[in-house]
Every structure is written in structure tokens, then in C-alpha cells.
Amino acid sequence: MEGGKEQGMLVVTRLLAHQNPLEQLQAKFKEVENGFKAWLDKQSMPVEAAVVTATGAVQGAAIGALMGTLTKDVSSSFPTPPQASLNHQAMASLKQAQALSGGPWVQARNFAVMTGVNAGLACVMKRLRGKEDVQSSMVAAFGSGAMFSLVSGMGGPNQAANAVTSGLFFALIQGVLFQFGQKLSQSPVEDMYYSRTRSMLNSLGLQNYEKNFKKGLLTDNTLPLLTDSALRDVKIPPGPRLLILDHVQSFSSTF
């Protein structure tokens with residue numbers, strides 16, 4: 001009997017698997033990705049950096065080729081003025097515009113260098129520092145921005161200075177984005193400790209005092225321990241204090 005049930009469950013499982021080829025493909029891709037990461041972690045730093053750089057370059061080349069295809073028609077509609085009639089500043093601006101609106105091959109090369117250098121430097125910095133932080137991210141962005149400027153020809157006659165400027169710009173943008181991402185990722189973790197507190201305040205119409213609870217670190221675990229003095233210390237007025245304490249006393253068994 002038990003054997004029949006197990007065989008029936010196996011048949012159902014196989015049928016469900018055949019009915020979800022997309023899920024099968026996603027699971028297989030995830031398995032290959034995890035295996036690749038596990039293999040990469042065992043390699044030396046030069047090998048890992050080389051593989052990560054090559055992978056990033058391939059991804060960047062694909063993105064650049066797509067962008068170059070989309071912008072090719074737009075760039076071809078602008079007439080190219082005779083170079084003799086342009087001063088040095090105008091020529092530099094023209095080269096920058098051409099670098100940003102080149103064809104698929106040009107953009108594939110530019111983005112391959114940018115993303116490959118960024119991925120490689122980020123890998124090396126993570127190995128050297130033992131962590132992935134804003135400093136490592138900014139160093140990688142500086143290198144990718146500088147190389148993008150040199151390869152794309154955006155630097156004009158003074159390539160070295162413009163490469164440094166581009167690198168600093170990339171690093172600044174990456175630093176801001178990294179910090180913004182960190183704050184977004186930390187918010188749910190912090191709010192997790194105030195879920196019951198938020199629910200209680202919302203039910204009492206006192207949601208404006210959630211920031212007072214957070215300022216005093218009055219988390220969900222402290223709800224059964226709340227006193228009038230504790231609420232007074234976080235600057236909650238007498239009326240709301242009475243409502244909160246009455247709610248806590250009434251629902252103490254649920255905390």
C-alpha cells in the first residue's frame with residue numbers, strides 16, 4: 001500500500017515537472033550558476049579576476065552592441081562638419097558625441113572595456129579587503145570610468161586629465177548609488193523589529209509616534225515592559241501614553 005502511494009506521488013511529481021518547463025529551466029540555470037560560483041571561489045585571485053573580467057566584458061559587449069544598434073540611425077542623421085573649420089574645443093565635443101553614438105562594434109568595445117574593468121577591479125578589491133564596501137566599489141568605478149574615457153576617445157587632446165575626471169565622476173556616482181542601495185536594504189531589517197508596534201499604533205490612530213518608539217529603541221520585545229516613564233522619555237504626550245498603556249495591558253497575553 002505504502003509502495004503504491006509513493007509510486008503515485010512520483011508520477012504526479014513527474015507530471016508537474018513536465019508541465020513547468022520554465023521552472024525547470026530556471027532551476028537548472030540556478031544550479032549551473034551556483035556551481036560556477038563555487039568553482040570560482042576556489043580559484044586563485046589572478047584566475048578569479050581574469051574570469052570575472054572576461055565575463056563582465058562579454059555582458060558589456062552585448063549591452064553596447066544593442067545600444068549601438070539603437071543609436072546608429074540617430075547618429076547617421078547628423079552631418080559631419082569639415083574638421084578644418086572646427087577649433088580644438090569643438091573637435092573635442094564632436095569626438096565625445098561620436099564616442100557616445102558610435103555603431104554596434106564601437107559601443108560593444110567601449111562597454112566591454114568599462115564593464116570588464118569594473119568587474120575585475122571589484123573582484124580584486126574584494127579579495128584584498130575581504131569585503132565589498134563603498135570604497136571598493138568606488139575604486140572599481142574609477143578604473144572603469146577612466147578606461148572608458150581612454151578607449152572611447154572622449155578625452156580629446158588631453159586624454160589623461162579627462163580620464164581622471166571621468167574616473168572621479170564614475171566613482172562619485174557609484175558611491176552615491178552604493179550608499180542608497182545599502183539604506184534600502186537595511187530598512188526592512190530595521191522595520192522588522194517594529195511590526196507589532198506599528199500595528200498597535202495604527203489601530204490606535206497614533207502612527208505619527210512610531211518615530212518616537214524607534215528613537216528610544218522601544219522594539220516589539222519591549223511592548224510588555226512599557227511604562228509611563230518610558231513613553232515620557234521618548235516625548236509621547238499624556239493622552240497617547242494612556243491609550244498605549246491601556247492597549248498593552250488589554251492585549252498583554254498576545255505579546
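A residue counts as buried under 20% relative accessible area, as exposed over 50%, and as partly exposed in between. By this criterion Arg232, at 45% relative accessibility, is partly exposed. The model is predicted, and it holds nine salt bridges.

**Helix H11**

- Helix H11 comprises the 13 residues 238–250, which should span 18 Å at 1.5 Å a residue; the end C-alpha atoms are 18 Å apart, in agreement with this value.
- Its buried residues are Pro240, Arg241, Ile244, His247 and Val248.
- Viewed down the axis of H11, these buried residues fall within an arc of 135°, so they line one face of the helix.
- Pro238, Leu242, Gln249 and Ser250 are exposed on the other side of H11.
- The cover over the buried residues of H11 includes helices H8 (195–204), H9 (210–215) and H10 (228–233).

- Arg198 and Glu210 form a salt bridge through their side chains, at 3.1 Å from N to O.
- Arg198 belongs to helix H8 and Glu210 to helix H9, so the pair ties together parts that are 12 residues apart in sequence.
- Glu210 is buried, with a relative accessible area of 16%, whereas Arg198 is partly exposed at 24%.

**Salt bridges within helices**

- In helix H10, Asp228 and Arg232 lie four residues apart, about one turn of the helix.
- The closest N and O atoms of their salt bridge are 2.5 Å apart.
- Lys30 and Glu33, both in helix H2 (residues 21–41), are three residues apart and form a salt bridge at 4.0 Å, N to O.
- A network of salt bridges links Lys30, Glu33 and Lys37.

Notes
Residues are numbered from 1 along each chain as its sequence is written. This is a predicted model: local features need pLDDT of at least 70, side-chain atom pairs count only at pLDDT 80 or more; totals for chains, interfaces and linings use all residues. Side-chain values use heavy atoms; hydrogens and water are left out. Helices (H or I, at least four residues) and strands (E, at least two) are DSSP runs, numbered from the N terminus. The expected span of a helix is 1.5 Å times one less than its number of residues. Buried means under 20% relative accessible area, exposed over 50%, partly exposed in between (1.4 Å probe, protein chains only). The arc is that of the directions from the helix axis to the C-beta atoms. Contact means heavy atoms within 4.5 Å.
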